[in-house]
Structures are given as structure tokens and as C-alpha cells.
Amino acid sequence: MKSASGAQKKRAEALRKELNTHNHQYHVLDDPKISDAQYDALFRELQELEEKYPALKSADSPTQRVGAPPLQNFATVAHSVPMLSLANAFSEEDMQAWEKRIADRIDLSESDTLEFAAEPKLDGLAVSLRYEDGVFVQGATRGDGSQGEDITLNLRTLSALPLTLQVSGGKSAGLPKELIVRGEVFMEKAAFTALNNAQRKSGNKEFANPRNAAAGSLRLLDSSITASRQLSLYVYALGDVSQGFKVPATQQSMLEWLAKIGFPVCSETKVCANLSACFDYYNDIQSRRSALPYEIDGVVFKVNERSRQQLLGQVSRAPRWAIAYKFPAEESVTHLIEVEFQVGRTGALTPVARLEPVSVGGVTVSNATLHNLDEITRKDIRVNDKVIIRRAGDVIPEVVRVVLDDRKQAGTPRRRKIKLPETCPVCGSPVEHSAEEAVARCTAGRGCPAQHKEYVKHFASRRAMDIDGLGDKLVEQLMDAGLVKRVDDLFALRIEEIAELPRMGVKSATNLVASIEASKSTTFARFIFALGIREVGETSAENLAGAFRTVEQLEAADVAALEAINDIGPIVANNIIAYFADSNNVDTMRALLSAGVHWVEPDATSTTQSQSLDGTSYVLTGTLSSMTRDEAKRLLSDKGARVVSSVSAKTTGLIAGDAPGSKLAKAENLGVPVLDEAQLQLLLKS
């Protein structure tokens, strides 16, 4: 291998230093000093040098941001200092109570004051970044707070992340030997829009929101894909630092120091002299929320003095010295133009409001759910009404209430009451509205094209057969093209016929066929859930699989045998009986098994031995970092626990992730034990 000359080594080092400086100017300071063309020329020069002389490559080279070959899985990283969550406040009263708890704990005198550092609460993914001698060496997700996933290769692709810290007097002068910094990776609104446009053009599934896009991009096993997405980063805290290094005395001065050595820090940070100033900051940020280039869901306040932070300490899952003051659900006013009825998998007709487009929380909304006729009657919603629309986080926009005063205005359009159609808007079959339930249903069953499409989507979904790459739009394409008439047709699809569909090709078709083949190996519980039996959810499917163990046993079960199963009542039992009484359903099920769908039947002894949580019941709330709520539910169910939706005095425990809702307050009022994510992990290992 040819060696580089001394001049070439110096040139490579100079180029690396210059490019890192320009990255800092562009991504951190938002003050580029050269044009994109000039930057590209420097980058290409360094790239050519490193390709010609591989020994010149270094970990802090800007050329190393392009991604690496796909990994099989992520290694685990133990956090030397736990990554904690934040407690939430939803009102000024909550904030006042938080301040009082702090004052009482540190014995604050009447003449003393509490100063707070404030910053927007970014809606992204928390990460931990480790540097040695000023060079980035490792990055990890929060995980369960104690340990996370090693995503170093993916983080290297972020242009905003400094691979080498900016200091004067040498590479590591003035820096601790080891430095761990905490931050948030997020996707700006413009980057999110561009990504979804690209996803749409390529026929791939679009992301629901910027947070999901950022989190999904960071956890890809192929870092070259991560590199193609425009992820941003802000740091906001120290995780750990070498012993003896003098850390800045306040939260704000610490952020200023981090910015000085090269980290991107949010420009909206501010010191608030008292709680009243915190409220002013909160109101100001909320008023400018839609104009900010990134999504936020509140404001974080921290005691500014770090010595007081240490004195206050933490509870099991959150520091006492910090709190997230969340924004309320966002609302806007618009006109309800018309109401259409959509037909779901079980035939349920859902009224959908077609709206005059309006921006809600930075997202243009033109449709909103009306839930059912009972809700329409209760809220007295009519066509041509002026209505208030709410969008909270990932929740589908809904009509909150009618602006009744608008009905009194002269010259406004005549309001028209919303009526249930007598026939299905898709297939024309009669619509049935039982007095026992709020929803009306198309009576055609899977003979209705709309119901059948929704059933195939359900069958392929992640919680059912988990066919990777088979999203809703592709299901519609396959069915509209006549390639899938029954769900078992999925297993007979050929690469060449899929490749002819719009926005598909041979590679995408090959990957899809491979995913369909892989999905044949499943579990009995997933198979039962995938069948789409009315009102048989994942928990019911798990219980049925545990009780009957084979399709033949389940098919032969009578109402009494079904009702003996935990979580199966008379309505669900009769739905199961009705499902197997339909010869079309049975034929489809047999065809799926003939196509190769299979699972390993569990050993009876191992099943009984693993039920260590038998007789317990748990409720999940908030967002878990190490697993999805669905995964947590499944793992708890595997141990014999019941996972229920509401807290009662009989609940064994509430498992609270990030941003828990009202269930947390209810559990505390009832004296129900609250477990954090680390305690959940211990519970699952018990």
C-alpha cells in the first residue's frame, strides 16, 4: 500500500480541520462562511486523498459521516450516569406546587430566590454522546435509563454532531479527558416534509410525525440510510465528566460552555429570574410555536444553580430540579363542509368531517373524526357549522365542539343535520344500527370491498402477521390490480407481477415476497389476532392461544368453553362462534394454513412454569424507550399478567413511561404502586 507523503498528511489534517470548522459554522452557528460549491470542492479533495491513502482516514473526518454497512443488531451500552425522564406540569398550579417542593427541600429562606433555566421541550429522541480527549467515540439511546443501544455509526452521520470538539491550544486542551453529553436528535419540519415527499414518491410508508421519523432513522441498522436523512441535534445537559474537571456553576453557563467547544445548543434558552418569568417565557414560546422550525410539545424548566440541582437529587425516574411544562392540545376554528361515512374492517361506519383546510399545530387539517352518531347528537354537530378542531400529538384530529354563536349570525349557510345512510356507501348493502352499540354497520361482511381491504391491511399489520413493507397503500394497489382477492392470495404473489405496479420495481418486489415468506413463521396468538375476529384483540388472542393451543380446539369450542377463558365474555364468545360458523372464513383460514403459515406449539410444562405474574394486572401509560407499549403488553401477558386499560383499586401496578397521562395521578390517589421502566425490566426477568 502506497504511503502518503508528509505534505499530503498535513494537507489532509488541514482539510479535516477546515471542513469541521465550516460544519460548525453552518449547522451550529447558522452562519456559513463559504458557499456550498466551495465546501463540496474541499470535501471532494479530502475524499480523494483518503481513498488514495486509506491510512489518512481518522474517526473525526467529515468523510466518515456517510454511513457504514448494515449491522445485524445494536450492542448494549451501560450509562455511567442514568438517563432520567422528566416529571410533567400541565398548569400554573402544577408549576407553583413544584417550586414549593423545591423551596421546602432546600430550606429556601424568604429573602432568597430561585432562578430557572428555560428551554423548549424538543419532540425527538434522547441520546448520550461520549468524547475522549475531545473526539467523539460512542453514542447511545436512552434505553431503559440504565442502558441503551449503541448507535455510534448512525450518530456519526449527523452533520450537526461535532466529531472533534472546538478548542484553542491543541486538540484536547481545556477539555476533560472523558466527557459525556446528553442531547436530543430531532428532524426539522422542512426536513420531515421533504422525507415524506420522498417516501410517497418511492411508494414507501410515510412517517406520522417528525419524532417518529427521527427515532426511526436513528435506529436503522443501515447507517447509510440514516446519512441520507436530515437529522438535527441540540445538547442540553452533562452526563458525566472526568473527576477533577471544573464544571460551570449554572445550567446556563454550562450550555454556553458546551456551545463554545462546538456543540449545537438551542438558541431559545433563557434564564428566568423567578416563576413569574417562567410563565412569561412559556407563553412567549407557545405563541411562537408554529413559527419555530422544529416541533415542541412544551417547555423544560431547570433550577439554574448546579449546586442546588445536586442538593435536590432525584426520585426513581426523574430529577427533582427539572420539570416539563406541557402545552395543551392545540385547537383551531374552521367550517364543516360535508360529512362522509367510512367503512372499517368490521363494517362499522365512521362519520368523517370534511373541513375547510386549517392549520392546527403547524399541520394542515382537512378531515376530522366525528366518532359516531351518538357523539354527533351529543355535540349537536351539523353540516355548515363553524367548529373547533383539536389535534393533540399523534391523535387523529377531532371536532371538539360547535361555535354556536355563529349560527345566530345573519347570512350564514343553513345548517343540515347529519343522518345515517340506510345503505353502505361502498357496496350498497343494508346498514344495521343495533340499540346495544353506538356504531352502525354494513351487513355485507367481507363481501363489502371496503371491509375486505381493511381486513387485508389488518392481517399484514405489524401486530398481526407483521409483513414488513406491506403498507396500506400497497395493499390497496394489489387489490385494485386484482392480484389479491382473498388474504391467502398474498402468499401466491410473484415478483414479476408486483414489480409492474406503480412505484415498484424488481428489488422492492423481491423484498416484499421475502417478507411475506418470512411472515409464515408466526405464533398461534398472532394468527388468531390476524384472522380479524370481531372484538378479539391481542390480549384475547393470547388468552385463546394459551387455552386451546390448536386451531382445531378453538374451532370446536362452544360458548361455555370460551367464556371460561380470562377476558372472554358472552359477546366475544358469540363473535368467535359466528366467525367459525361462516364457511368463507373457515375456507380462508384453511387456505392460509395450506399456504404454509405455521407456528411452534408450546410445551405444556414450559407454559405453566413461565406464568410468574399469574393473577396480577397492570396498566401501561406514557412512552417506553426500550420497547413499544405493544411489546411490553405481550411480554407481561407471556408471564401471565393481565394488561388492562384503566386503573382501579384492584390494579397490581401502573407502569409509567415518559409523559404519563392522567392514569398516573389516579394511581397515586388510589395508592396503586407505580413502576418505572427499569422496574418493568426487573419484573419481566422475575
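Start with the packing of helix H23, residues 629–638, against helix H25, residues 677–685. Keep in mind that this is a predicted model. The two helices pack at an angle of about 35°, and their axes are 10 Å apart. The crossing of H23 and H25 is left-handed. Which residues make the contact? From H23 they are Ala632, Leu635 and Leu636, and from H25 they are Leu680, Leu683 and Leu684. Sorted by type, the residues of this contact are six nonpolar, no polar and no charged.

Next, strand E25, residues 653–656. In a regular strand, side chains alternate between the two faces of the sheet. In E25, Gly653 and Ile655 are on one side, Leu654 and Ala656 are on the other, and all are buried, with both faces of the strand covered.

What does E25 pair with? One partner is strand E23, residues 617–621, in the parallel sense, over four bridges. There, Val619 stands opposite Leu654 of E25. Strand E26, residues 674–675, also runs parallel to E25 and is joined to E25 by two bridges. The bridge partner of Leu654 in E26 is Val674.

Last, Glu305. This residue is in the loop between strand E10, 296–303, and helix H10, 306–312. Glu305 and Thr250 are 55 residues apart in sequence, yet their C-alpha atoms are 4.5 Å apart in space.

Notes: Residues are numbered from 1 along each chain as its sequence is written. This is a predicted model: local features need pLDDT of at least 70, side-chain atom pairs count only at pLDDT 80 or more; totals for chains, interfaces and linings use all residues. Side-chain values use heavy atoms; hydrogens and water are left out. Axes are lines fitted to C-alpha atoms, for helices over the stretch in contact, and angles run from 0 to 180 degrees between N-to-C directions. A crossing is left-handed if the near helix is turned anticlockwise from the far one by less than a right angle, and right-handed if clockwise. Contact means heavy atoms within 4.5 Å. Ala, Val, Leu, Ile, Met, Phe, Trp, Tyr, Cys and Pro count as nonpolar, Asp, Glu, Lys and Arg as charged, and the others, Gly among them, as polar. Buried means under 20% relative accessible area, exposed over 50%, partly exposed in between (1.4 Å probe, protein chains only). Two strands pair if DSSP finds at least two bridges between them.
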